[in-house]
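My notes follow in the order I looked things up.

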Amino acid sequence: MKAIVQDRYGPSDVLRLSEVDAPVPAAGEVLVRVHAASVNARDWHVMRGDPYVARMAFGLGAPKVRVRGTDFAGRVEAVGDGVTRFAPGDEVFGEVDAAFAEYVRVPAAGAVDRKPANLTFEQAAAVPLAGNTALMGLRDAAGVRAGQRVLINGASGGVGTFAVQLAKASGAVVTGVCSTRNVDLVRSLGADRVVDYTREDFTRGGGTYDVVFDLVGNRSLADCRRVLTPTGTLVLSGGGVSGGGSLLGPIGLIARGRLVARFVRQRVLALTAVPCRENLATLRELIESGAVTPVIDRTFPFGEAAEAVRYLEMDHARAKVVITV
Ligand SMILES: NC(=O)c1ccc[n+]([C@@H]2O[C@H](COP(=O)([O-])OP(=O)(O)OC[C@H]3O[C@@H](n4cnc5c(N)ncnc54)[C@H](OP(=O)(O)O)[C@@H]3O)[C@@H](O)[C@H]2O)c1
């Protein structure tokens with residue numbers, strides 16, 4: 001089959017379309033014919049081996065998993081022994097390593113679920129990692145409740161566009177922070193207030209927010225905590241400058257956050273989103289009910305996957321970037 005592979009770390013030109021062995025589903029696994037995949041910040045972090053410290057997990061000299069990609073949507077082609085949850089022909093979406101490929105092999109009990117009925121494959125592929133991160137950040141980490149004031153830094157990005165809608169669906173009063181060209185988009189997703197960071201500094205406003213969900217990592221802990229109520233919650237999700245070459249990247253801010261959390265009344269939490277089947281089902285229900293809709297900036301053909309990753313990394317993509325396979 002064809003897949004997007006890399007054999008060394010580097011910028012997007014290390015990615016190439018190549019022939020690799022097609023996966024064969026083992027017992028308990030499903031084989032999915034991928035129709036669409038989406039690009040996440042995770043893909044360029046792994047592609048570049050950035051931050052360097054993360055290479056201990058990604059692979060020291062080159063990525064352990066040669067095929068890039070995480071999010072997929074497609075049709076079940078075959079199932080391994082013992083699989084009863086899925087049958088050939090089912091339309092599914094999910095999260096697994098090596099998704100920039102014609103086929104992926106996924107544990108049937110893993111992060112794979114029935115595709116939302118009202119979405120195309122392209123839209124469905126945009127959901128899993130970003131939607132799950134937003135859900136885990138707001139619901140599980142921050143415990144957002146109706147009436148709370150929630151600020152999302154990075155509201156126009158892949159995770160942010162889900163976070164605005166999910167916070168709104170929880171009944172929160174939502175403020176989104178983004179650049180000028182994305183103000184209308186973030187407002188259209190339901191934000192009650194939008195801060196254009198090129199004109200206004202969201203950290204200059206007093207202790208206003210019950211929850212700050214930081215998806216950019218460009219502000220200090222003190223800055224983010226300043227706008228929280230005395231018992232508010234700061235959720236740190238990552239961030240980091242594209243272009244490669246950082247030692248710690250967002251891990252520095254997260255480590256400082258963990259330390260500071262021991263000494264202050266406010267909650268400072270570092271989010272690690274873990275792929276989760278139940279969360280895919282929750283997202284599917286929210287999407288089918290109309291409460292959440294994935295936003296796609298651009299769709300690239302499979303042969304231009306490297307350009308799709310470059311676009312997300314370098315060009316301030318708006319919401320999600322999708323690859324059709
Ligand atoms: N902890 C976890 O488990 C986890 C899981 C998933 C993702 N993440 C991390 O979360 C972060 C967000 O992911 P994503 O997929 O949403 O990334 P993304 O789609 O690339 O979005 C990045 C966002 O950053 C904004 N931005 C860029 N420069 C900015 C600046 N100077 N000030 C304010 N905003 C700025 C962009 O908005 P404009 O274009 O409007 O500037 C955009 O909304 C990434 O760092 C990713 O690695 C963490």
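Predicted model: local features only at pLDDT ≥ 70, side-chain atom pairs only at ≥ 80, totals over all residues.

**Ligand shell.** I sorted the shell around the ligand by class and got nine nonpolar, 14 polar and no charged residues. For this count, Ala, Val, Leu, Ile, Met, Phe, Trp, Tyr, Cys and Pro are nonpolar, Asp, Glu, Lys and Arg are charged, and the others, Gly among them, are polar.

**Ground rules.** Residues are numbered from 1 along each chain as its sequence is written, and side-chain values use heavy atoms, with hydrogens and water left out.

**Who is closest?** I found 23 residues surrounding the ligand, taking a residue as near if one of its heavy atoms lies within 4 Å. The closest are Ser 179, Tyr 197, Gly 239, Leu 271 and Ala 273.

**Polar contacts.** Here I want N or O pairs within 3.5 Å; within protein, one atom must be able to donate a hydrogen and the other to accept it, and residues adjacent in sequence count only if both atoms are side-chain atoms. Ser 179 puts a polar side-chain atom 2.6 Å from a ligand oxygen. Ala 273 uses a polar backbone atom instead, 2.7 Å from an oxygen of the ligand.

**How much of the ligand is covered?** On its own the ligand exposes 930 Å², and the protein buries 83% of that. The areas are Shrake-Rupley with a 1.4 Å probe; for residues, only the protein chains shown count as cover.

**Where the shell comes from.** Helices (H or I, at least four residues) and strands (E, at least two) are DSSP runs, numbered from the N terminus. Domain 1 (2-127 + 294-324) and domain 2 (129-270) each supply at least three shell residues; the bounds come from an automatic or database domain assignment.

**Strand β3.** Next I checked β3 (residues 29-39), where nine of eleven residues are buried. Buried means under 20% relative accessible area, exposed over 50%, partly exposed in between (1.4 Å probe, protein chains only).

Which strands pair with β3? I count a pair if DSSP finds at least two bridges.
- β4 (residues 71-79) runs antiparallel to β3, with eight bridges; Val 30 has Val 79 as its bridge partner there.
- β6 (residues 103-107) is also antiparallel, with five bridges, and Glu 29 stands opposite Pro 107.
- β15 (residues 320-324) is antiparallel too, with four bridges; Ala 36 partners Thr 324.

Most residues other than glycine have a negative phi, and most peptide bonds are trans. I flagged these exceptions.
- The bond from Asp 50 to Pro 51 is cis, with omega near 0 degrees. Pro 51 is in the loop between α1 and α2 (55-58).
- Ala 98, not a glycine, has a positive phi of about 70 degrees. Ala 98 sits in the loop between β5 (91-95) and β6.
- Ala 319 has a positive phi of about 55 degrees, in the loop between α10 (305-314) and β15. Ala 319 counts as buried because its relative accessibility is 1%.

**Last stop.** I looked at Lys 168 in helix α5. Buried or partly exposed? Lys 168 has 30% relative accessibility, so I logged it as partly exposed.
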